[in-house]
Amino acid sequence: MTLLVVAGLTKRFGGVAAAKDVSFTLEAGEMLAIIGPNGAGKSTTFNMVGGQLRPDAGTIALDGRSIAGLPARAIWKAGVGRTFQVAQTFVSMTVAENVQMALLSHHGRTRSLFRDARALYRDEALALLAGVGMRADGDRPVSELAYGDVKRVELAVALASRPKLLLMDEPTAGMAPRERSGLMALTAEVARTNRIGVLYTEHDMEAVFAHADRVLVLVRGEIIAAGTPEEIRANPRVKQVYLGEAGTEAAMRARRKAVA
Ligand SMILES: Nc1ncnc2c1ncn2[C@@H]1O[C@H](COP(=O)(O)OP(=O)(O)OP(=O)(O)O)[C@@H](O)[C@H]1O
């Protein structure tokens, strides 16, 4: 079954149609990027899927179950995880404790118990950290880490709730170019291995074209193109309204690196 089916999603803010009849699907294990200029409606679309915004119209089905308009927590419980532009970790805690906190929450325990439960889910946390290459850093405070590593920890935190779908809002924002590719390659590998669908918004075209299986292009709230990175790169309308020549070159460079 298709993991995520979005149909006719619409949201207005006063006179502005931030998302207009947005429809797309996402398979388990697939990386789907949403790109578009500032104000195109990427965050709005994203927030409707994640439950931070209620759609005015349209349907969202996760594994065949309707989640449109449910509160964010219910959507999270249904299997939608999320990472944010600015990493949402607890800097005073260790790397492992951050993941343990997420596991406590996933297993339905309250955070107040944590003080007495430093060992709880530690092995599970370390296994998740191993999956993102951070096992050896488990006992370091997050405050000591480079930002790229914080983003890896954030990925492990998101995976702790065993999501079917992961929403990533500009995952590479604030990262050095070299780190960006590493994080996206890791995300793609984790998604494929665990059959998690990943929907991400991104301004960095290399991160999009090197790692997305498919790309949606939103302009003024509407999807103007959807397809593989090759199809999007070659689409004259996308070139004209968004990518331009510089963007197309970046996309080609990224693709060459990805297939090399
Ligand atoms: N809470 C809100 N109230 C009023 N207008 C909003 C609100 N959120 C978004 N908008 C408007 O909806 C449109 C789409 O915004 P959105 O943030 O979804 O775009 P975006 O593609 O994510 O942009 P960016 O790349 O800059 O993050 C814009 O015109 C924006 O001004």
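Tutor: In this predicted model, helix H1 gives the most to the shell around the ligand, with three residues.

Student: Which residues surround the ligand, and which elements give two or more residues to its shell?

Tutor: The ligand is surrounded by Phe13, Val16, Ala18, Gly36, Asn38, Gly39, Ala40, Gly41, Lys42, Ser43 and Thr44, and the elements that give two or more residues to this shell are strand E2 (16-26) and helix H1 (42-50). Sorted by class, the shell has four nonpolar, six polar and one charged residues.

Student: How should I read the packing of helix H3 and helix H5?

Tutor: Two packed helices are described by the angle between their axes and by the distance between those axes. Here helix H3 (residues 95-106) and helix H5 (residues 147-159) pack at an angle of about 25°, with their axes 8 Å apart, which means that H3 is roughly parallel to H5. Their crossing is right-handed.

Student: Which residues of H3 and H5 meet, and how do they divide by class?

Tutor: From H3, Val95, Asn98, Val99 and Ala102 meet Val153, Ala156 and Val157 of H5, and the residues of this contact divide into six nonpolar, one polar and no charged.

Student: What does the domain assignment give for the protein chain, and how many residues of each domain are in contact?

Tutor: The assignment gives domain 1 (4-79 + 163-259) and domain 2 (94-161), with twelve residues of domain 1 in contact with eleven residues of domain 2. On the side of domain 1 that touches domain 2, the largest share, six residues, comes from helix H6 (residues 177-194), and by class that side has eight nonpolar, three polar and one charged residues.

Key. Residues numbered from 1 in each chain as written. Predicted model: local features only at pLDDT ≥ 70, side-chain atom pairs only at ≥ 80, totals over all residues. Axes fitted to C-alpha atoms, helices over the stretch in contact; angles between N-to-C directions. Helix = DSSP H or I, 4+ residues; strand = E, 2+ residues; numbered from the N terminus. Parallel < 35°, antiparallel > 145°, perpendicular 65-115°, else oblique. Left-handed = near helix turned anticlockwise from the far one by under 90°. Contact = placed C-beta atoms within 7 Å. Nonpolar A, V, L, I, M, F, W, Y, C, P; charged D, E, K, R; others polar. Near = placed C-beta within 6 Å. Domains from an automatic or database assignment.
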